[in-house]
Amino acid sequence: MSEILKKEHIGGDVDEALRPCRLEDYFGQDKVKKNVSVFIKSAKIRCTHLDHLLFYGPPGTGKTTIANIIACEMGKNIKTTSGPAIDKPGDLASMLMDIQDGDILFIDEIHRLPKPVEEVLYSAMEDFAIDILVGDNNSSKAIRLPLPKFTLIGATTKAGSIAAPLRDRFGSINRLELYEPVVLADIIKRDAAILKIGITDEGAMEIALRARGTPRIAIRLLKRVLDFAVVDGSDTISKDIACEALDSLGIDRYGLDDNDRRLLKAISVSFNGGPVGIETLASFIGEDIVTIEDVCEPFLMQCGFISKTPRGRVITADGEKYIKKT
């Protein structure tokens with residue numbers, strides 16, 4: 001057990017070791033994976049750069065991972081940034097001037113790009129050129145600078161928030177779905193092998209069932225269950241160890257945590273089932289609106305425990321049944 005998680009045993013950084021580098025090691029998302037494979041093969045055959053790609057879907061479903069895989073499969077460098085990190089058009093221009101032919105620029109949360117920055121991308125994506133202003137206000141003029149032929153990969157959880165002119169410049173738009181437990185179990189078993197710990201099929205499935213259909217959450221839970229196994233002196237994660245660890249962490253068989261239960265109980269008990277507005281609800285449970293909208297609500301709605309109405313959030317009959325059991 002002393003060898004578990006030692007850097008020399010997993011090749012350095014733990015998170016990097018767990019991130020797949022090839023499409024064949026990327027579990028799930030079969031339709032997207034098949035299409036991306038075709039795009040890559042075609043680009044290689046034609047000896048050209050890959051067309052711009054947009055990936056959208058729930059957080060933690062592999063958008064960043066697949067961007068890095070594409071770079072690896074193409075044998076190109078990848079420069080990673082995020083929409084909120086690019087404040088000014090000059091920041092983006094500097095980034096674009098620094099990349100090489102065929103390289104990949106990955107922008108996470110691309111829906112949060114400032115409008116002036118977004119507009120610079122239009123000509124960069126379409127014409128592989130950018131226009132910059134030189135001189136002072138009285139004698140400034142625009143100069144067009146050519147760019148290497150690069151590939152922009154955008155990722156977002158809110159595809160509808162991307163302006164149409166930007167969205168239309170992507171050659172392919174791909175949705176990543178939440179994962180089935182059986183696929184998550186395969187990911188968990190793969191990562192357990194990398195982490196040098198055994199895991200039973202039942203143990204892997206127990207973690208998968210509580211991972212909210214999300215690989216990122218599944219991997220995080222595996223690491224925490226591993227902690228319990230290490231302290232327990234076990235070199236294998238069994239179903240019993242997984243259950244003990246996840247119950248201790250407050251994560252139930254549905255994948256709901258304490259925040260989810262507080263939200264449900266607030267709607268059910270304090271607001272008589274709803275409807276209740278998001279601002280009121282956030283203030284009542286002491287959570288910010290973004291966390292409720294982006295983390296709690298999507299999964300609770302998927303479970304069928306809450307629904308949105310024009311007047312606010314309401315708890316469903318299934319949600320009330322769940323509350324009565326807890």
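Which handedness, left-handed or right-handed, does the crossing of helix 12 and helix 13 have? I began my notebook with that one, and the crossing turned out to be right-handed. A reminder to myself before going on: this is a predicted model.

**Entry 1: helix 12 against helix 13**

I looked up the geometry of this packing next. Helix 12 and helix 13, the latter covering residues 278–285, pack at an angle of about 110°, and their axes are 10 Å apart. Angles of 65 to 115 degrees count as roughly perpendicular, so helix 12 is roughly perpendicular to helix 13.

Then I listed who touches whom. Helix 12 brings Arg 262, Leu 263, Ala 266, Ile 267 and Ser 270 to the contact, and helix 13 brings Leu 281, Phe 284 and Ile 285. Sorted by class, the residues of this contact are 6 nonpolar, 1 polar and 1 charged.

**Entry 2: helix 12 against helix 14**

I stayed with helix 12 and turned to helix 14. At what angle do their axes cross? I noted roughly 75°, with the axes coming within 11 Å. Helix 12 and helix 14 are therefore roughly perpendicular to each other.

On the helix 12 side I found Asn 259, Asp 260, Leu 263 and Leu 264, and on the helix 14 side Ile 292, Cys 296 and Leu 300. This contact has 5 nonpolar residues, 1 polar and 1 charged.

**Entry 3: the aromatic rings**

I went looking for ring pairs and counted 5 aromatic pairs. Tyr 254 and Tyr 322 form an edge-to-face pair, 5.4 Å centre to centre with 85° between the planes. Tyr 254 sits in the loop between helix 11 (239–248) and helix 12 (258–270), while Tyr 322 is in helix 15 (residues 317–325), so this pair ties together parts 68 residues apart in sequence.

Are these two tyrosines buried or exposed? Tyr 254 is partly exposed, with a relative accessible area of 40%. Tyr 322 is buried, with a relative accessible area of 4%.

Tyr 322 also pairs with Phe 305, and this pair is stacked: 5.1 Å centre to centre and 25° between the planes. I placed Phe 305 in the loop between helix 14 (289–302) and strand 10 (306–309), 17 residues from Tyr 322 of helix 15. Phe 305 counts as buried because its relative accessibility, 4%, is under 20%. Put together, the ring pairs link Tyr 254, Phe 305 and Tyr 322 into a cluster.

I finished with a pair of spot checks. Ile 173 is in strand 7 (residues 172–175), and at 41% relative accessibility Ile 173 counts as partly exposed. Leaving aside residues up to four places away in sequence, Ile 173 touches Leu 54, Tyr 56 and Arg 167. I also checked the C-alpha atoms of Ile 173 and Asp 252: they are separated by 35 Å, and the two residues are 79 residues apart along the chain.

My other check was Ser 82, in strand 2 (residues 78–82). Which residues does Ser 82 touch, not counting those up to four places away in sequence? I wrote down Ile 107 and Asp 108.

Notes. Residues numbered from 1 in each chain as written. Predicted model: local features only at pLDDT ≥ 70, side-chain atom pairs only at ≥ 80, totals over all residues. Heavy atoms only, no water. Phe/Tyr/Trp six-rings, centres within 6.5 Å; stacked < 30°, edge-to-face > 60°. Helix = DSSP H or I, 4+ residues; strand = E, 2+ residues; numbered from the N terminus. Buried < 20%, exposed > 50% of the residue type's maximum accessible area, 1.4 Å probe, protein only. Axes fitted to C-alpha atoms, helices over the stretch in contact; angles between N-to-C directions. Parallel < 35°, antiparallel > 145°, perpendicular 65-115°, else oblique. Left-handed = near helix turned anticlockwise from the far one by under 90°. Contact = heavy atoms within 4.5 Å. Nonpolar A, V, L, I, M, F, W, Y, C, P; charged D, E, K, R; others polar.
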